[in-house]
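Colleague: I would like to learn how to read a sheet and a pocket from a set of coordinates. Could we work through one case together?

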Amino acid sequence: MKRIVVVGASAAGLAAAETLRREGYDGTLTLVGDEPHPPYDRPPLSKQVLSGQWDADRTALRTPEDLAALGLDLRLGVAAAGLDPATGLVRLADGSTVPYDRLVVATGVRPRRLPGDRVAHVLRTLDDALALRDRIGPGRRLVVVGAGFLGAEAAAVASTLGAQVTLLEPAPVPLAHAVGREVGQALAQAHRERGVELRCGVTVTEVTGNGVRLAGGEVVEGDEILVAIGSLPNTDWLAGSGLTVDDGVVCDEYCQAAPDVYAAGDVARWYNPLFGASMRIEHRTNAAEQGMAAARNLLAAPGARKPFTPVPYFWSDQYDMKIQAYGYLRGHDEVAVVEGNVAERRFLAAYRSGDRITGALAVGMPAKAVRQWRQVIAVRAAWHHAVPNRPWATRT
């Protein structure tokens, strides 16, 4: 094995490249990235960078010296355009090709769009964050479409900077599909208390010249529009490759998508034996962990590979709230507050799927109090043991 190519130069791709070197691979290692910037961290974009607390340089994941020490064939500012597993070639958008013996796909995601929203902002790249930062502040009207974590974080920053913010969400409460109604209501109240006009149960159909149009025809006006309605995996370049694509690159429990091809990060949909489910996780921690796991399995001898079985972790900062979660919250059957008080926005909630505890989310709680639930989830604890004396009525 003389040539390994990693396509995607963000957290997952960088973690894979570093792990390959750390595990002893000394052959040609090509890292391809569609952005001109060296690998940088994305979570600060909607928080510290958007607020102006951080300069762009502070988001760098590694120093130039650290990157140089990896001995990479670094191809930045050029996207992957095609894959031919039969010949072991990655085609790049500039017309060149890169040969490989083994491949890691870590191409991440891109923002979903609305009709007309080419005049609107999205928030995925460093350049996106800097462009929006220059357009919000006192006296400016910002309309945010989508009250998921990205939209909610951006709304919180803009409101703190003095902008007039309208936050639009089709669900009954923010993050209803993930955190449940009671927790979502607590997050909604935090926005409203800080002057954000939060409107739930409304659907945006298009971006107009001066705002957005709702399904009923109403136009919500704004000086700037941010569309934050989720992401799509960057898999178009894999068309015709033979890889299975279904809301991501489909992988087994070892992160393998095909012979000699592995995937990691936001673009990977893999089978997680811990939860008995196929999942695609768009969280920073998972990207790094999966990049490392994919690289180790890529190098491993037959029979020595290890399934990737994480307890996913994510966090969000909104105003003075620190939100942390472990596990897989989507599709839960019940949520129960086991510590603290939701009204005070200082609480810990546990999530049940079937008869097992599958997730825990905390707002305003010490990190140690949240972290202990990771092991509870990892051992697949029974709900009636971990959360005793709870009714079995479904609560979402």
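This is a predicted model: local features need pLDDT of at least 70, side-chain atom pairs count only at pLDDT 80 or more; totals for chains, interfaces and linings use all residues.

Colleague: In which order do the five strands of the open sheet lie, and how are they paired?

Modeller: In general, strands of a sheet pair through backbone hydrogen bonds, either parallel or antiparallel. Here the five strands follow the order S22-S23-S26-S25-S24, with antiparallel pairing, and the twist from one strand to the next averages 15 degrees.

Colleague: Which are the edge strands?

Modeller: An edge strand pairs on one side only, and in this sheet that describes S22, residues 313–318, and S24, residues 334–341. S24 is joined by seven bridges to the antiparallel strand S25, residues 346–353, and within this pair Ala336 stands opposite Ala350 of S25.

Colleague: Which helix lies across strands of this sheet, and at what angle does it run to S26?

Modeller: Helix H9, residues 367–378, lies across S23, S24, S25 and S26, and its direction makes an angle of about 170 degrees with that of S26.

Colleague: Turning to the second largest pocket, how much space lies in it, and which element supplies the largest share of its lining?

Modeller: The second largest pocket holds about 220 Å³ of space, and H5 supplies the largest share of its lining, with four residues.

Notes. Residues are numbered from 1 along each chain as its sequence is written. Side-chain values use heavy atoms; hydrogens and water are left out. Two strands pair if DSSP finds at least two bridges between them. Helices (H or I, at least four residues) and strands (E, at least two) are DSSP runs, numbered from the N terminus. Axes are lines fitted to C-alpha atoms, for helices over the stretch in contact, and angles run from 0 to 180 degrees between N-to-C directions. Contact means heavy atoms within 4.5 Å. On a 1 Å grid over the protein atoms alone, a cavity is a set of points where a 1.4 Å probe fits but cannot get out, and a pocket is an open set with protein on both sides within 12 Å along at least five of seven lines; lining residues have an atom within 4 Å of a point. Grid points are joined across faces, edges and corners, and a volume is the space filled by probe spheres set on the points.
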